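Here is a short tour for someone meeting this structure for the first time. Keep the sequence and the 3D view open while you read.

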Amino acid sequence: MPGIFILSLDCEGKWGIADQLNESHREFLSDARLRVAYASVVALLDQFGLSATFAFTSLFTLPPNQLRALPGEEISYRLPYTVSAFNDFKLGLFEGWSAPWARDMVTSRHEIACHGVTHTPWDSMDEEQAKFELALVSLTENHTFVFPRNRVRHLELLSRAGFRGYRLAPSERSRVLSLMSEFNIFAAAEKNPSIVAPQSIPAGYFINWLSGLRRSVPLGCTRLRVRHILEDAARSCGVAHFWTHPENIATAPETLLNLRTVLEEVARLRAQNKIICMTQSQYCDHLSAMAP
Ligand SMILES: [Zn+2]
């Protein structure tokens, strides 16, 4: 059995930082920058013939008229995380909040998963709030879930809402330790988790965002680290899961080089039949098929 490669992308526009929005976010998460970032990611995946999991914050995929039709006052009251979004909508500002074109761009060849309906972190919601959020839109096309900010909560509710699997949270680390780990070229693949419902999916590795101090990590170092994780997955029949946000490419376009590096290393091992590529949903199918 070869190792398994999964790529997941958290797709969120301004919803990802709705509770801390500042002027620089408004500048860097413009519609023009987001379109370039999403198109670049899709083109790169096409070039390597790979399918990925695009986990969208559901409201990010709605056009302005549908966002305007939502009960904004009630949502802002029950989910305070969303206040800045609905304040913008009252002013007719939808840039960075609404990108139905992004979902359309990826729908034919990739998995569309859910990254929260409003991106409110689930550990900040009680069950009633989480139920309220899930009822705002239809989620029938989504089979797997990526928790906003990786805050895993309310798993029974997730299962009842029809989700088969979710990405686990990486271990909590300080920013310094997280940065230091980017220099660890001996990082290991993850093991397949036990089979339960909803199915946990290995937490994976964040693809280094070339912003701020993270720019100090050389591309060559990232390549060695990625290569080691993938080769370890091939050796141990483990999982090499990588994830990023297209928004990281909108705000720091050089980050695309790191995504390209991951895909180049995957393509090399795939050609040697050492790695197979799956979406999160396919991975859940794969684990179910292995169940006794
Ligand atoms: Zn997010």
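This is a predicted model: local features need pLDDT of at least 70, side-chain atom pairs count only at pLDDT 80 or more; totals for chains, interfaces and linings use all residues.

**Helix H2**

H2 runs over residues 31-48 and has 18 residues. From its first C-alpha to its last, H2 reaches 26 Å, close to the 26 Å expected at 1.5 Å a residue. Its buried residues are Leu-34, Ala-37, Tyr-38, Val-41 and Leu-45. They cover an arc of only 90 degrees around the axis, which puts them on the same side of H2. What covers them includes strand S1 (3-11), helix H6 (100-106), helix H11 (246-251) and helix H12 (255-271). Just after H2 comes Gly-49, with a positive phi of about 60 degrees.

**Helix H10 and its partner**

Helix H10 covers residues 219-236. Its 18 residues should span 26 Å at 1.5 Å a residue, and its end C-alpha atoms are 26 Å apart, so the two agree. The buried residues of H10 are Thr-222, Arg-225, Val-226, Ile-229, Leu-230, Ala-233 and Ala-234. Among the elements that cover them are S1, strand S7 (205-206), strand S8 (239-244), H12 and strand S9 (275-278).

H10 and H12 pack at an angle of about 35 degrees. Their axes are 10 Å apart. The crossing is right-handed. On the H10 side, the residues that meet H12 include Leu-219, Arg-223, Val-226 and Leu-230. On the H12 side, those that meet H10 include Leu-257, Thr-261, Glu-265 and Leu-269.

**Ala-233 and the core**

The largest nonpolar core has 71 residues. Leu-230 and Ala-233 are those with the most contacts inside it. Why does Ala-233 count as buried? It has 25 C-beta neighbours inside 10 Å, and a residue is buried if there are 20 or more. Ala-233 lies in H10. Leaving aside its neighbours within four places in sequence, Ala-233 is in contact with Gly-3, Ile-4, Ala-189, Gly-238, Val-239, Ala-240 and Ile-275. Ala-233 and Lys-274 are 41 residues apart along the chain, and their C-alpha atoms are separated by 8.7 Å.

**Helix H7**

Helix H7 spans residues 127-134, and its buried residues are Ala-130, Glu-133 and Leu-134. Seen down the axis of H7, these fall within an arc of 95 degrees, so they line one face of the helix. They pack against helix H8 (155-160).

**Backbone details**

Three of them are listed here.

| Residue | Phi |
|---|---|
| Cys-237 | near 55 degrees |
| His-154 | near 50 degrees |
| Asn-273 | about 55 degrees |

Cys-237 follows H10. His-154 is found in the loop between strand S4 (144-145) and H8. With 19 C-beta neighbours inside 10 Å, His-154 counts as partly exposed. Asn-273 sits in the loop between H12 and S9. Is Asn-273 buried or exposed? It has 9 C-beta neighbours inside 10 Å, so it counts as exposed.

One peptide bond also deserves a look. The bond from Ala-197 to Pro-198 is cis, with omega near -10 degrees. Pro-198 is placed in the loop between helix H9 (175-181) and strand S6 (199-201).

Note on methods. Residues are numbered from 1 along each chain as its sequence is written. A nonpolar core is a set of buried Ala, Val, Leu, Ile, Met, Phe, Trp, Tyr and Cys residues joined through C-beta atoms within 7 Å. A residue is buried if 20 or more other C-beta atoms lie within 10 Å of its own, exposed if 12 or fewer, and partly exposed in between; C-beta atoms are placed from the backbone. Two residues are in contact if their C-beta atoms, placed from the backbone, lie within 7 Å. Helices (H or I, at least four residues) and strands (E, at least two) are DSSP runs, numbered from the N terminus. The expected span of a helix is 1.5 Å times one less than its number of residues. The arc is that of the directions from the helix axis to the C-beta atoms. Axes are lines fitted to C-alpha atoms, for helices over the stretch in contact, and angles run from 0 to 180 degrees between N-to-C directions. A crossing is left-handed if the near helix is turned anticlockwise from the far one by less than a right angle, and right-handed if clockwise.
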